[in-house]
Amino acid sequence: MANQDHATGLAGRYATAIFELAQEEKTVETLERDFASLKTAIHQSPDLARLVRAPVFTREQQGKGMNAVLRAMGAAPLTTRFVLTLASKRRLFALSDIIRAFEGLVSNQRGQVEAVVTSARALSDSETLSLKAAIRSRVGREPRLETRVDPSLLGGLTVKVGSRMIDTSIRTKLNGIRLAMRGAS
């Protein structure tokens, strides 16, 4: 049912529309690359994140700002038209959700499953490969990993595949011990 999550709501409708258009134009990979770059840029730039999400900017300001960003990153014409359409319709706030839904549609088309892995430190290439193999053997589909770092985990991992969550973090184990000790007193 995770695939249906991508096709619902405002972001899902826009993601489905742009995915189908990209399929027709045979530019899914190009759009995927552009969206990955945009996602990274939004995540790394507080100013860009504010431009995308804050309702205080006019559609003209958002359009002008996004046009400059897209031109600087060398975005494809379809990507540019789509993002500028979102800006003109005052829907730019949904861009991150649209990108996430689009990625889900691409993964589904490729027979992949999305997995979000959070670790206390960045994973090495060999650790990432081992983790992919473990997830593949567990769910029977090729995982598409999104890795995040959260030092508050102290150690271990949290892995979310679809609606399933596997939490082997030290923080969670310590919290469990604390709760058990409170109950014992």
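I started at the hairpin: β3 and β4 make it with two residues between them, and G162 in the turn has a positive phi of about 60°. This is a predicted model, so I kept in mind that local features need pLDDT of at least 70, side-chain atom pairs count only at pLDDT 80 or more, and totals for chains, interfaces and linings use all residues. Numbering runs from 1 along each chain as its sequence is written, and side-chain values use heavy atoms, with hydrogens and water left out.

Strands here are DSSP runs of E, at least two residues, and helices are runs of H or I, at least four, numbered from the N terminus. I checked the pairing (at least two DSSP bridges between two strands): β3 (residues 157-161) and β4 (residues 164-167) run antiparallel, joined by four bridges. V159 sits opposite I166 in β4.

Next I looked at α2 (residues 9-25). Its 17 residues should span 24 Å at 1.5 Å a residue, and the end C-alpha atoms are 24 Å apart, which agrees; the expected span is 1.5 Å times one less than the number of residues. I listed its buried residues (under 20% relative accessible area, 1.4 Å probe, protein chains only): A11, G12, Y14, A15, I18, F19 and A22. They cover an arc of only 165° around the axis, so they lie on the same side of α2; the arc is taken from the directions from the helix axis to the C-beta atoms. On the face turned away from them I found R13 and E24, both exposed (over 50%). K26 follows α2 with a positive phi, near 55°.

Last, I looked up E103 in α7 (residues 95-109). E103 is buried, at 9% relative accessible area. Leaving out residues up to four places away in sequence, E103 touches K39, E114 and R144 (heavy atoms within 4.5 Å).
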